[in-house]
Amino acid sequence: ALKPIAPSLFGLPTKSNYDPVTGFVHCRVSRYSKHRYYLSFQAEDSESVSIIANKLKSSRTSNYHLFDALRGGVNAKLSKKAGHYIGKLRRDKDQPVGYYTLYNSSREKEQVAAYVYDIPALMQQVTEGQPPRKMQAVIPKHAPSNEGKDGKSSRDVVKASNGAPQNNRLLEHLHNGTWKHHKLVAVQTRDPKYHEGQYRLNFCGRVLTPSVKNMQLENEQGECLLQFGRVNDETFHLDFKAPFTAFSAFGAALCQFDL
């Protein structure tokens, strides 16, 4: 069988990017340090690292800056002014724990995805052991382009009527159920089966170690669009399919490291 080729960071994956057995784009996420994470494609032609995420130490709220390692290299300076800065994942400090928005690097700071956690109460953790985390996410049906000046048709990002981005609109659409009317897709964690004292999900052999970080996100029809889970202490597998892009899938994985 032909080996899949790596997709672009912002484009929707196509058939040539999917693994013929699982039907996903296969990625590896490595925890390089407490503040730095790497995403690599597990594909025929891919470089060792494609996206670098750097967690800011000085920020009042969790703030990850993301960089295109193919443009800057792994050892390039990770500064927002650098030519390979591609966006940020930020936890909303005005909201309860677990509200995150992913922005691209355009001047308008367009929202590319939003993720919300329902974090179990401490008492529930005491009585049920550590139940799986529940996440919801909302992403555009069509990938917003991070480059290209006038590709308006592909820029399905959420903006106010005056042309400025509207803060927290993606989260708002998720909460109000209005995402269906705005060319958005909502996903949520698939409930694991409780079996012999453990919560279990079927990852088709891609996830080898039990972890509270292991998750699958499914759409309304029950189709799994993203899965993430632990392989060993510092390595995780991240698999996704459209309408997730590498950028928005990595955002979902970074939220898991933040909790």
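One definition before we start: when I say buried I mean under 20% relative accessible area, exposed is over 50%, and partly exposed is in between, with a 1.4 Å probe and protein chains only. This is a predicted model, so local features need pLDDT of at least 70 and side-chain atom pairs count only at pLDDT 80 or more, while totals for chains, interfaces and linings use all residues. Residues are numbered from 1 along each chain as its sequence is written, and side-chain values use heavy atoms, with hydrogens and water left out.

pLDDT is the predictor's confidence in each residue, from 0 to 100. The chain averages 83, and 83% of the residues score at least 70. There are two stretches to be careful with. Over residues 147-157 pLDDT stays under 50, and the model has 17 contacts there beyond four places in sequence; contact here means heavy atoms within 4.5 Å. Residues 160-167 also stay under 50, with 12 such contacts.

Now the overall picture. We have 4 helices and 14 strands. Those are DSSP runs, numbered from the N terminus: helices are H or I with at least four residues, strands are E with at least two. Of the 259 residues, 50% count as buried. If you take the contacts with a separation of 6 or more, residues 24 or more positions apart account for 50% of them. The chain exposes about 13200 Å², and carbon and sulfur atoms supply 47% of that. Those areas come from the Shrake-Rupley method with a 1.4 Å probe, and for residues only the protein chains shown count as cover.

Okay, on to the strands. I call two strands paired if DSSP finds at least two bridges between them. Start at S6 and S7, which pair in the antiparallel sense over 5 bridges. Thr101 has Ala114 in S7 as its bridge partner. The two strands form a hairpin with 6 residues between them, and in that turn Lys109 has a positive phi of about 50°. S7 is mostly covered, with 7 of its 8 residues buried.

Keep going and S7 is joined to S8 by 5 bridges, again antiparallel. Val116 stands opposite Gln136 in S8. Gln136 also has a bridge partner in S9, namely Gln188. S8 and S9 run antiparallel, with 5 bridges joining them. S9 is mostly covered too: 5 of its 6 residues are buried. Then S9 pairs with S12, antiparallel, over 2 bridges, and there Gln188 has Glu218 as its partner.

So which residue would I click on in S8? Met135 sits in that strand. Met135 counts as buried because its relative accessibility is 1%. Leaving aside neighbours within four places in sequence, Met135 is in contact with a list of residues including Tyr115, Tyr117, Val187, Thr189, Met215, Leu217, Ala252 and Cys255. Met135 and Gln216 are 81 residues apart in sequence, but C-alpha to C-alpha they are 9.4 Å apart in space.

What does H3 pack against? Its buried residues pack against S6 (99-104), S7 (111-118), S8 (134-140) and S9 (184-189). Those buried residues are Arg169, Leu170, Leu171, His173 and Leu174. As a reminder, an α-helix has 3.6 residues a turn, so residues three or four places apart point the same way. Just after H3, Gly177 takes a positive phi of about 75°.

Another glycine, Gly222, lies in the loop between S12 (215-218) and S13 (224-230). Gly222 is partly exposed, at a relative accessible area of 29%.

How many disulfides does the structure hold? It's 0, taking a disulfide as a pair of cysteine sulfur atoms within 2.5 Å. Cys224 counts as buried at 10% relative accessibility, and Cys255 counts as buried at 0%.

That's my tour, thanks.
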